[in-house]
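Good morning, and thank you for joining.

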Amino acid sequence: MAAKPPAGDPVQDAPEVAAPQHAAAGLPAIGHTLRIAQRQMGVRRTALTLLKVNQKNGFDCPGCAWPEPDKRHKAEFCENGAKAVAEEATLRRVTPEFFAAHPVADLATRSGYWLGQQGRLTHPMYLPEGAASYEPVTWERAFDIIAEELRALADPDEAVFYTSGRTSNEAAFLYQLFAREFGTNNLPDCSNMCHESSGSALTETLGVGKGSVLLDDLHKADLIIVAGQNPGTNHPRMLSALERAKAGGAKIISINPLPEAGLERFKNPQTARGLVGGGTPLTDLFLQIRLGGDQALFRALNRLILEAADTTPGAVDEDFVREHTHGFEEFAAAARAADWDETLRATGLTRAEIDQALRMVLASRRTIVCWAMGLTQHKHSVPTIREVVNFLLLRGNVGRPGAGVCPVRGHSNVQGDRTMGIFERPAPEFLDALEREFGFAPPREHGLDVVRAIRALRDGQAKVFFAMGGNFVAASPDTEVTEAAMRRARLTVHVSTKLNRSHAVTGARALILPTLGRTERDVQGGGEQFVTVEDSMGMVHASRGRLEPASPGLLSEPAIVCRLARRVLGPESRTPWEEFEKDYGTIRDRIAAVIPGFEDFNARVSRPGGFALPHAPRDSRSFPTATGKANFTAAPVEYPTAPEGRLLLQTLRSHDQYNTTIYGLDDRYRGIKNGRRVVLVHPEDARELGLADGSYADLISEWTDGSERRAPGFRVVHYPTARGCAASYYPETNVLVPLDATADTSNTPASKSVVVRLEPGDPA
């Protein structure tokens, strides 16, 4: 029998299971939101805080990066956004006394859920070499420790500076500036693990690695295709945009291995129809695709569009193709050669379903394709997204109102961090601008992304790991390898608001530096400050916290970077770090001087709602690619397969989760309650494998190099997923994904197409 969890840490492998739901939000979402918020913040603080979320004079939600409309509801937040705010604005505190009572060895036995529930960090904490527990430390001593380790390195590239998507534009710009003045481009970030495949594909084909649509484009679309994405859990406010699009006559195609309640029906809690009526059906056509079959599907649609153009004028936008694209002939030859047997095998769909999708595509003049991790985390993710771009280019659906590419970023400001220069492979033009503005020569050699950083730590080539936010250990693949790599470091440092797993997996020495959250007032020597963020559609706007800080001992992220830079770089640095810490407006002035699109930054961001960054394909149908045009591509069709008796597993979030932050142990829409160690398997697949509903199994991943990895003790749930496919939550299943199992080109962990066998097991 498995050991019981530590006291106070709930069992997570014995859930109650009911039938999945077929509608999202409504009154249950309101009730759940209020219960979570009041439990964390109390009644008065809940009201004061939630009414400022995503408002023009308030703070940006620390959850997802979905944009806000110009006209905003008084409650401009979703259930999961409210959970994120409640976790940050909680009244619970993690003090030095807590660390004295909980040695690191104890913290290492705790679940991520338990750690997150303890509350806000209040003091800088230090784990000396050989010590059992963290102890309080002054900020001055903390910066001295970091400076000692950084200065002792034989090469600046022995340091790794990781960034979470929550970091503001101002903090991200300072952070990359410090790292490059220190001498390294080792700036991995959470984009490496999520939308790096999107950026790689879009930069090559369109010249800009971001989405080409604004929020209003969704309202104008005739057809919206949502592929590999679950908005009801991961970006719930997107459902309001889809509802408005439907009211304007748009059709929606959902492409996913799992049916998702939010895409079936949306009960908008801001409307009477949503609260007491039946809500709005969203999906017009559900294509229940096999994992990793999306490239084959879009290739087949492209073949059918080309064939339709042979007899139907206008099926292909020939003027757009001729004037604005490159590589059409090679692409067209590959598309026309698409094999139907292979297509049906790869997708698990019928020819009739694909023909129905084609009719909807040909009836639409303005089409948008939205996607998320379901497309980006496969070995062949980059060619898959290139095929999506081919699909849109064929009918001129780039640079047209109501049409375009829409990669839906996960974390608030993950896109802004990249814009600010958090990138291990910076463009020469960006480095040139830094050099002109700040008078030092930035390093030119490419740095380490997430996967390469873990390898460098594992192999002793990197010795200091500094994380600006996030939960690196829990977010990364190959859990055992990642944890062993982190423990080889000389020093690990985490700038955090709350406890997480990474604080219990340390180098020889470790620091936890507590920082202000988005919800909190930020007062510096120049008075009250605000920061800025960029949403998933390239809109930049201000964020102003309103709550008193959780502790007088907190520093803002910009202040932490500035003080660290002064301590490490010394008086030789010509960068005005003291000025930057005092007045964030001076940071924005320098951003404006370095990064195109931010001209007159301070004035423009002071306007309510902010401003849109330029996007050449959207704004002028110009394409800053190597060819000067939008590039069609032709690549062999790829898709994952599983041997007899095996399944393809995807990792995913529960509804009570945001990235690695676990808010609760329920996945309401999928019918899971009080547990997370579950594996969702189609009933017929389960019967063929001899797995009864409610039985327990170990998940063993199998890789082409012969290696295997095991995740024990998952309750089998019979579930209507695509045949041959299964699903389970991360980070519990990150252990199954080897460090070297990554997407071609982007190097993103391939967490959505894991070949697994299921062996009978016991609860974990």
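The chain holds 32 helices and 33 strands; helices (H or I, at least four residues) and strands (E, at least two) are DSSP runs, numbered from the N terminus. This is a predicted model, in which local features need pLDDT of at least 70 and side-chain atom pairs count only at pLDDT 80 or more, while totals for chains, interfaces and linings use all residues. Residues are numbered from 1 along each chain as its sequence is written, and side-chain values use heavy atoms, with hydrogens and water left out.

To the overall form. For 764 residues, a compact globule would have a radius of gyration near 27 Å, and the chain agrees with its 25 Å; the radius is taken over C-alpha atoms, and the globule rule is 2.2 Å times the number of residues to the power 0.38. Along the principal axes, the C-alpha atoms fill a box of roughly 75 × 65 × 55 Å. Of the 764 residues, 65% are buried (under 20% relative accessible area, 1.4 Å probe, protein chains only).

Now the helix pair. Helix 1 (residues 27-41) packs against helix 3 (residues 79-88) at an angle of about 5°, and their axes are 9 Å apart; axes are lines fitted to C-alpha atoms over the stretch in contact, and angles run from 0 to 180 degrees between N-to-C directions. The two helices are therefore roughly parallel, a term for angles under 35 degrees.

Methods
Parallel < 35°, antiparallel > 145°, perpendicular 65-115°, else oblique. Buried < 20%, exposed > 50% of the residue type's maximum accessible area, 1.4 Å probe, protein only.
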